[in-house]
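Let's take a walk through this structure, one piece at a time. Have the sequence and the 3D view ready as you read.

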Amino acid sequence: MGHRKNSTSNNQGSMGFPNAQYQGTKIRFQDEDEELTTDSSKRDESTVAGDKVMAMEDDSMCEPDVSFVDGDGDKTSADYYFDSYSHFGIHEEMLKDVVRTKTYQNVIYQNKFLFKNKIVLDVGAGTGILSLFCAKAGAAHVYAVECSDMADMAKEIVESNGFSEVVTVLKGKIEEIELPVAKVDIIISEWMGYFLLYENMLNTVLYARDKWLVSDGILLPDKASLYLTAIEDADYKEDKIEFWNNVYGFNMSCTKKQAIMEPLVDTVDQKQIVTDCQLLKIMDISQMVSGDASFTVPFKLVAERDDYIHALVAYFDVSFTKCRKLMGFSTGPRSRATHWKQTILYLEDVLTICEGEVLSGNMTVAPNQKDPRDIDIMIKYAFNGQRCVVSRTQYYKMW
Ligand SMILES: C[S@@+](CC[C@H](N)C(=O)[O-])C[C@H]1O[C@@H](n2cnc3c(N)ncnc32)[C@H](O)[C@@H]1O
């Protein structure tokens, strides 16, 4: 086993971000002999190539923004983060994530009663897609706030689709912008990062909620849950971690420590799952405070078969509980793949586990103190099985 579903996205976005929600955390390269589950990577290339050709032939197209050609200067990690969202490729990837975008569309179009005559704030509007859905569903007005240069594009998109009367695009950070209204009835946002919390955009939504949402206002989505399971992954652990033991005859095993600390973002084949899946944490976005994004939670994973465990796997789901019927999506390995994939945390030990045995421990999650968009994770685990006894603490950093 260990032959995992291919990672369809290896796109390096602007500034080397494979996508907007990703800076340093590893993304697995696709095996050369693996078939793509969709043709999206080929399509991406031809679109990019097509755009380049068009740009040369069509003088009416805008001059490239200087920010794309300027040197990096004194850019901070936050600058790189926002710059990454200025690139259309990241938005293309998000829009093509059908699970993500269609769920938002269905939530909005199938629950028009929520939007009728309501003022909506779209936090981090990107291309303006969610604002356009809301406008089409009958919102009285939508304020689409976007801090990256994509805001200029969103303005054009709103205009060319005839929604300028209903959608106002405001370029700037939520934390700095002035809204032309004192309160809004609905806040919609797609703020979720890898491992749910990477990027820390949730804080921006909470800030907007506390500042502008009416007391009986609605947040879309309003619930998010984080889960954990454990997998067998011998081949890939061998390839990515043990590889450092002997590199062209040299011992580079000191690098293993670093490699194991970086969670891997990839799709896990459900056949690799060895234990049950455990709910770690439910976040109620309408009630929580920003400090709730730092937590320690216990876990108990029960083996569903005899096997080895090489890694823990985290994933999340989000739900929209104010709809007529409960709606949402999961990023779990048993659901249709999304661009969030799953987050894999390799263990230093290989655990030999028998059906019914329990791997228990706790996970601590907190934004990195120096760069709060990064996440620090600590896992303490203990296992006392028939064939193996281990207890250990491991530290991970998503950056
Ligand atoms: C995950 S994307 C979602 C874009 C769009 N809503 C969609 O669904 O396709 C998040 C967007 O929020 C923007 N953003 C992040 N933090 C922000 C902030 N503090 N103020 C305004 N926009 C922000 C990013 O630039 C990015 O375009």
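## The sheet

Five strands line up here as an open sheet in the order E4-E3-E2-E5-E6, with parallel pairing. Strands (E, at least two residues) and helices (H or I, at least four) are DSSP runs, numbered from the N terminus, and two strands pair if DSSP finds at least two bridges between them. At the edges sit E4 (167-171) and E6 (213-220), each pairing on one side only. On average, neighbouring strands are turned by 20° against each other, direction ignored.

This is a predicted model: local features need pLDDT of at least 70, side-chain atom pairs count only at pLDDT 80 or more, and totals for chains, interfaces and linings use all residues. Residues are numbered from 1 along each chain as its sequence is written.

## Strands E3 and E4, plus a helix

E3 (residues 141-146) runs parallel to E4, joined by five bridges. Look for glutamate 146: its bridge partner in E4 is lysine 171. Helix H8 (residues 150-160) packs on the sheet and touches E3 and E4, and its direction makes about 165° with that of E4. Such angles run from 0 to 180 degrees between N-to-C directions, with axes fitted to C-alpha atoms, for helices over the stretch in contact. Contact means C-beta atoms, placed from the backbone, within 7 Å.

## Two helices side by side

Now find H5 (residues 98-109) and H7 (residues 129-136), which pack at about 20° with their axes 9 Å apart. That makes H5 roughly parallel to H7 (angles under 35 degrees count as that). On the H5 side, Thr101, Tyr104, Gln105, Ile108 and Tyr109 meet Ile129, Leu130, Phe133 and Cys134 of H7.

Technical notes: Angles under 35 degrees count as roughly parallel, over 145 as roughly antiparallel, 65 to 115 as roughly perpendicular and the rest as oblique. Two residues are in contact if their C-beta atoms, placed from the backbone, lie within 7 Å.
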